[in-house]
Amino acid sequence: MIHECVGQFACLAGDIGFNVDNLRTGFWQLTIDGLAWGAIYALVAVGYTLVFGVLRLINFAHSEIFMLGMFGAYFCLDMILGFNPSGNAYNRGVGLTILYLGIAMVFAMAVSGLAAVGLEFIAYRPLRRRNARSLTFLITAIGMSFVLQEFVHFVLPKILKGYGGSNAQQPIILVQPKTQFHIFGATVSNITLVIVAAALVLALLTDSAINRTKFGRGIRAVAQDATTATLMGVSRERIIVTTFLIGGLLAGAAAVLYTLRVPQGIIYSGGFLLGIKAFSAAVLGGIGNLRGALLGGLLLGIMENYGQALFGTQWRDVVAFVLLVLVLLVRPTGILGESLGKARA
Amino acid sequence: MSVLLAPGDGIRNWWAGLGRVQKWGFGVVGFGALALLPLHTPSFLNTPGISFGGVMAQFAMVAIIAIGLNVVVGQAGLLDLGYVGFYAVGAYTVALLTSPDSPWNKIAPNGFLPEKWAWLACVPIAMVVTALAGLILGIPTLRLRGDYLAIVTLGFGEIIRLLADNLGNITNGPRGLNEVAYPHIGESTRLPHGVFSSGNSTGHANYGTWWFWLGLTLIVALLLLVGNLERSRVGRAWVSIREDEDAAEIMGVNTFRFKLWAFVIGAAIGGLSGAMYAGQVQYVAPPTFNIINSMLFLSAVVLGGQGNKLGVIFGAFVIVYLPNRLLGVEVAGINLGDLKYLFFGLALVVLMIFRPQGLFPVRQQLLAYGKSARALLTRGDSKATS
């Protein structure tokens, strides 16, 4: 088959749209949906940013921690709460649904949190003992990312029947998306509401934990100057474990919110793309900076939606990657600047 | 554990002790034996169910990639996670110029490429285009360091794949480009399309084996090129950048320029491998250029020993051969061939803990004066002890 392109580059124009009208008419709807996506990115981004702040390490395997959280939530709904995957939504009423979601979220957070701490113990701690180079850490992280993905891909189905494997899990839909109210002509669905509310609560909790508690002060101290912090009696190892734990917990929570939005997304490779986007969000806001990660997540979610409206649906991921590259080139320290330690003394 | 992973050291030291002529002698014998492997495959090496020649062809391609990636990661110390992007650019350049599915098909009679030599003519074009891609990516990004560079290149790799996927009018999208050109050599009545065509699928000297031989020739040429670069001012500049960029800068090394050189040379070699891939498979589609393959190439380099060009070839062999050998071997209902990423992931983690320099680590030697300086030093040692 030979394509009908008149000029050599006329073909390009056919594939990349530029539809300003689309953006203008759907502006508020895009913004609100983008906020919901951004809230999920933000929660995952916190994990990247905290670990980077404390260890100067891009925890590449964080996306797999998120993926394990999705499977944890599914396991909880399926095996513990007894929901069967069926095509229909359960719609058990507001109170019960929120209760079930809460249980699933706690379970997923436990799974992800444990996985993150386990990752720290197995992979990163031995490297720190040996004073490894940062390249070594990154390669280890890539290795663990492989291991966790392929474990779910091939080994998990042999242990737990019906879990993992090459296909996504049959979706369990707790609640049908339903319009709750309108803002500026844009519809706000119950799912968007839950995602944004839950993410907001978790973000506020994390922020006050980092900025107001003793442990949070320890984290900031280690991020600022590990040696001095150790001399002042802060246990660096304990701080590092806590950091991984907080990141894991938030990734687990984000996983539940993500499966609300994309019920058919529970698959072994499902964390990868979201992980990179969350990392982009962390870089966008200023990696190592907690509030930067939250802001970056929201911004990325919204901009991705605008880009999608402007250029066409298939360019959604490209928008995120181009944004990542541009931010790193123009302002590698991100919008709010780099350091967790310097963010708030 | 670290002793278990150290057999490479003995071989490494033995090899380093050889003279130039001896090295050449062993090299010729070694590569000769490697070339004859597909014709006389020992039964323990054979890959049941898959053509051994085909596996070796794949090995040759990944080995070329590993040599190219080794220039970037191993020698200059720039972590490139999007190397598969260059591989894709090379493959797509050949495919776009020669596939009848492509709007930019330049095969005669409508274009300038003679049908018989189209593939060969496209190889240098592919290398130039990929080198340009390396330049375009390198100029803005090489100001970044370490982890940031890794992530930008990762983004670049994904962007290339998504472009191939999305620009359907040009690249035919997910359906890919078919009937890519290949060398028309050795045509006979039995093989009307020559020994490199997929029609040559039976026997030991099948098209996979021919591609392997072609690849092996290219590997030898690349080893000469990269080896000479390594021993030159450029190579010394790369090592200095890898070890300490600030110190290198202060000593007057134009770090940006040499990093860019590493990037461009690495990219061109990746493009060469991509062109080979497009010719051998005669079909190019986006999923081949997934980021996970980038990671796989990186594990070849890390496994073999960053900076050691012969070591990374061994790494490439492990990466390609093991999954194919284990394909069909079942343990507890799991096909071991499926577990390749799991194994390589574990191998990376274990290696990074116990032997971060890889199985065959590169030896830090006196680069500027090479052997003569070392001989002088060892003589001094023996005098001092006697």
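The model is predicted, so local features are reported where pLDDT is at least 70 and side-chain atom pairs count only at pLDDT 80 or more, while totals for chains, interfaces and linings use all residues. Residues are numbered from 1 along each chain as its sequence is written, and chains are lettered from A in the order in which they are written.

**Overall build of chain B**
- Chain B holds 15 helices and 4 strands, these being DSSP runs (H or I of at least four residues for helices, E of at least two for strands) numbered from the N terminus.
- Along its principal axes, the C-alpha trace of chain B spans about 75 × 50 × 45 Å.
- Of the 386 residues of chain B, 48% count as buried, meaning that 20 or more other C-beta atoms, placed from the backbone, lie within 10 Å of the residue's own.

**Where chain B touches chain A**
- Contact is counted when the C-beta atoms of two residues, placed from the backbone, lie within 7 Å, and by this criterion 41 residues of chain B are in contact with 42 residues of chain A.
- Helix 6 (146-166) of chain B is among the elements that give two or more residues to this side of chain B, and helix 6 supplies the largest share, 12 residues.
- The residues on this side of chain B divide into 29 nonpolar, 8 polar and 4 charged, where Ala, Val, Leu, Ile, Met, Phe, Trp, Tyr, Cys and Pro count as nonpolar, Asp, Glu, Lys and Arg as charged, and the others, Gly among them, as polar.

**Helix 3 of chain A**
- Helix 3 (residues 27-55) of chain A is mostly covered, with 24 of its 29 residues buried, and A:Arg56, which follows helix 3, has a positive phi near 55°.

**The hairpin of chain A**
- Strand 1 and strand 2 (residues 186-189) of chain A pair in the antiparallel sense over 4 bridges, pairing being assigned if DSSP finds at least two bridges between two strands.
- These two strands form a hairpin with 2 residues between them, and A:Phe184 in the turn has a positive phi of about 50°.

Terms used. Buried ≥ 20, exposed ≤ 12 C-beta atoms within 10 Å, placed from the backbone.
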